[in-house]
Amino acid sequence: MYKSMIVTPDYDCIEINIEKQKLFLYKNGKTIIDTPCITGTKGVNDTPCGTFHIYYICHNVSMQKKNYGDEYHTHHAFFFAPWGAGYGIHDALWKEDESYKPDTYLTDGSSGCVEVPLEVSEKLSREVYPGMPVVINEK
């Protein structure tokens, strides 16, 4: 649990721990999802730390990697960076489940987004809503 967050019996939030490469979804104060994730490649495309909010949810969308121009398709995406930087949480259909290891982000991370397995993005799509807090911390 993110240490600086005020915990009440009915809080909802997504927490991402970069060092552990874990994503947690809390609804009504209970852990609904506890899953491995892949954040931005360390030192190259770091995922920003801080407190954000989900501002846009989309489904079945093609996106483009920043700085690379490569286009890719994702089933569910949850964007949390309202300043237009394009950061979000999304499935990564091109990655195998065994890719979700705590050290993957050191050499084969994302372009800055938080990647999760498809089954996790499907569950998130049923639980996440615009305005939900997203707390990203390094440790």
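Predicted model: local features only at pLDDT ≥ 70, side-chain atom pairs only at ≥ 80, totals over all residues.
User: How does Phe-79 count at its relative accessibility?
Analyst: Phe-79 counts as buried, because its relative accessibility is 11%.

User: Now the whole chain. How many helices and strands does the protein chain have?
Analyst: The protein chain has 2 helices and 9 strands. Read along the sequence, the order is β-β-β-β-β-β-β-α-β-α-β.

User: What share of the residues counts as buried?
Analyst: The share is 47% of the 139 residues of the protein chain.

User: On to the rings. How many aromatic pairs does the count come to?
Analyst: The count comes to 3 aromatic pairs. In one of them, the ring centres of Tyr-11 and Tyr-26 are 5.9 Å apart and the planes meet at 50°, so this pair is tilted. Tyr-11 sits in the segment before strand E1 (13–17), while Tyr-26 belongs to strand E2 (residues 22–27), so the pair ties together parts 15 residues apart in sequence.

User: Are Tyr-11 and Tyr-26 buried or exposed?
Analyst: Tyr-11 counts as buried, with 8% relative accessibility. Tyr-26 is buried too, with a relative accessible area of 5%.

User: What are the distance and angle for Tyr-56 and Phe-79?
Analyst: Tyr-56 and Phe-79 form a tilted aromatic pair, 6.3 Å centre to centre, with 35° between the planes. Tyr-56 is in strand E5 (residues 56–64) and Phe-79 in strand E6 (residues 71–79). The pair links distant parts of the chain, 23 residues apart.

User: Which residues form one aromatic cluster?
Analyst: Tyr-11, Phe-24 and Tyr-26 form it.

User: Let us look at a strand. How many residues of E1 are buried?
Analyst: In E1, 5 of the 5 residues are buried, so the strand is largely enclosed by the rest of the structure. Check each face in turn. Cys-13, Glu-15 and Asn-17 are on one side, Ile-14 and Ile-16 are on the other, and all are buried.

User: In what sense do E1 and E2 pair?
Analyst: E1 and E2 pair in the antiparallel sense, over 5 bridges. Glu-15 has Phe-24 in E2 as its bridge partner. The two strands form a hairpin with 4 residues between them.

User: Where does E9 come in?
Analyst: Strand E9 (residues 133–137) runs parallel to E1, and 4 bridges join the two. Asn-17 has Asn-137 in E9 as its bridge partner.

User: What is the phi of Asn-28?
Analyst: Asn-28 has a positive phi of about 50°, although it is not a glycine. Asn-28 is in the loop between E2 and strand E3 (30–36). Asn-28 is partly exposed, with a relative accessible area of 48%.

How values were computed. Residues numbered from 1 in each chain as written. Heavy atoms only, no water. Buried < 20%, exposed > 50% of the residue type's maximum accessible area, 1.4 Å probe, protein only. Phe/Tyr/Trp six-rings, centres within 6.5 Å; stacked < 30°, edge-to-face > 60°. Pairing = 2+ DSSP bridges.
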